[in-house]
Amino acid sequence: MSETDIPDVTVRGVDVPALGLGTWRLAGEDCRRAVETALSVGYRHVDTAQAYGNEREVGDAVAASEVDREALFLTTKLVNGNRAYDDVLRSTEESLAKLGTSYLDCLLIHNPFQREPVEETLRAMDELVDAGKVRHIGVSNFGVDRLHAAREAADHELLTDQVQFNPYWDQSALLDYCEIHDLVLTAYSPLGHGGVLEDPVLAEVGERYGRSPAQVAIRWCLQHPNVAVIPKATSREHIAANREVFDFELSDAEVERIRRPSKARALSGAIRSRLSI
């Protein structure tokens, strides 16, 4: 597989690389090195957030790479304290400076819980799109009802809802909504915060393809319509392995089997996920 053939998820003519690097809980040199490694092995989608405290390291890695900025899809998210109109504008300028870029490919509201009305936040985000500083806007951790309300409040179409999605975390209602309304579901924690690594069903399925449980879980996510995946990884081995998921395909029966975990698997995954939120 070449370093440039990670496919896109395309909605309304917008191409989003189907696989990206998540950087939650990555800091300092570890973050910079992980992003540099990801870019060197063909990733073109990087996700960060104001709350992660690593935008500068992400920017340093992008600057050090030989990848043209126009080839990247770079996302950051507004922290809770930066949701008021003026704070959105100010903090986005700060994010741009830290990331060393003149524009963001996508700016997200990090979660639906905020003091300010979502309409106020979106009004500022719409203005940033009009100014060319943000290409697309979206949300994170929004359920269907809140996502629908945000779409109604924004002048510009939302591109994505970034949520936890993995075999233990059902998002069927949101998946259906995103497919109907042509939105990307960006899946974070596709490995269930490590829960999939010791999962016997994923291990059994993986043996048929010579793949790890982690690769099977990522592939499972990607076989749902409109889904892009942003697993976090730090080592070159894991970063490279996570992208080797586009040359095999799970059967419908395997997708359904993985979708219906036993009660024990579901409980294990839910506990891991909830403890890590």
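Modeller: The discussion that follows takes up the sheet, a helix, the core and the ring pairs of a predicted model.

Biologist: What order do the strands of the open sheet take, and in which sense do they pair?

Modeller: The open sheet has 8 strands in the order 3-4-5-6-7-8-9-10, and the pairing is parallel. Strand 3 (21-22) and strand 10 (227-229) each have a single partner strand, so one side of each lacks a neighbour in the sheet, and they stand at the edges.

Biologist: Why is strand 6 described as largely enclosed?

Modeller: A residue is buried when its relative accessible area is under 20%. In strand 6 (residues 104-109), 6 of the 6 residues are buried, so the rest of the structure largely encloses this strand. Strand 5 (residues 73-78) pairs with strand 6 in the parallel sense over 4 bridges, and strand 7 (residues 134-140) is joined to strand 6, also in parallel, by 5 bridges. Ile109 of strand 6 stands opposite Leu78, and in strand 7 the bridge partner of Ile109 is Val139.

Biologist: What makes the β-α-β unit of strand 5, helix 3 and strand 6 right-handed?

Modeller: A crossover is called right-handed because, with the strands pointing away from the viewer, the path from the first strand over the helix to the second runs clockwise. Strand 5, helix 3 (residues 85-99) and strand 6 make a unit of this hand. Strand 6, helix 4 (residues 118-130) and strand 7 make a right-handed β-α-β unit as well.

Biologist: How do you know that the buried residues of helix 2 lie on one side?

Modeller: The buried residues in helix 2 (residues 55-64) are Glu55, Val58, Gly59, Ala61 and Val62. They cover an arc of only 160 degrees around the axis, which places them on the same side of helix 2. The face turned away from that side carries Ala63 and Ala64, which are exposed. Among the elements covering the buried residues of helix 2 are helix 1 (28-40), strand 4 (45-47), strand 5 and helix 3.

Biologist: Why is Arg69 called buried?

Modeller: The relative accessible area of Arg69 is 15%, and the limit for a buried residue is under 20%, so Arg69 qualifies. Arg69 is placed in the loop between helix 2 and strand 5. Leaving aside neighbours within four places in sequence, Arg69 is in contact with Leu74, Thr101, Tyr103, Leu104 and Asp105.

Biologist: Which residues touch the most other members of the largest nonpolar core?

Modeller: Leu122, Leu158 and Leu185 do, in a core of 84 residues. Helix 8 (residues 213-222) contributes the largest share of this core, 7 residues. Not counting residues up to four places away in sequence, the residues that Leu185 touches include Val163, Phe165, Leu174 and Val227.

Biologist: What makes Phe165 and Trp220 an aromatic pair, and why is the pair called tilted?

Modeller: For Phe165 and Trp220 the centres are 5.2 Å apart and the planes are at 35 degrees, so both conditions hold. Phe165 lies in the loop between strand 8 (158-164) and helix 6 (172-181) and Trp220 in helix 8, so the pair ties together parts 55 residues apart in sequence. Phe165 is buried, at a relative accessible area of 2%, and Trp220 is buried with a value of 2%.

Biologist: What are the distance and angle for the rings of Tyr209 and Phe248?

Modeller: Their centres are 5.3 Å apart and their planes are at 40 degrees, so this pair is tilted. Tyr209 is in helix 7 (residues 200-209) and Phe248 in the loop between helix 9 (236-242) and helix 10 (252-259), 39 residues apart. Phe248 counts as buried at 9% relative accessibility, whereas Tyr209, at 27%, is partly exposed.

Conventions:
Residues are numbered from 1 along each chain as its sequence is written. This is a predicted model: local features need pLDDT of at least 70, side-chain atom pairs count only at pLDDT 80 or more; totals for chains, interfaces and linings use all residues. Side-chain values use heavy atoms; hydrogens and water are left out. Buried means under 20% relative accessible area, exposed over 50%, partly exposed in between (1.4 Å probe, protein chains only). Helices (H or I, at least four residues) and strands (E, at least two) are DSSP runs, numbered from the N terminus. Two strands pair if DSSP finds at least two bridges between them. The arc is that of the directions from the helix axis to the C-beta atoms. Contact means heavy atoms within 4.5 Å. A nonpolar core is a set of buried Ala, Val, Leu, Ile, Met, Phe, Trp, Tyr and Cys residues joined through side-chain atoms within 4.5 Å. Rings of Phe, Tyr and Trp (its six-membered ring) pair if their centres lie within 6.5 Å; planes under 30 degrees apart count as stacked, over 60 as edge-to-face and the rest as tilted.
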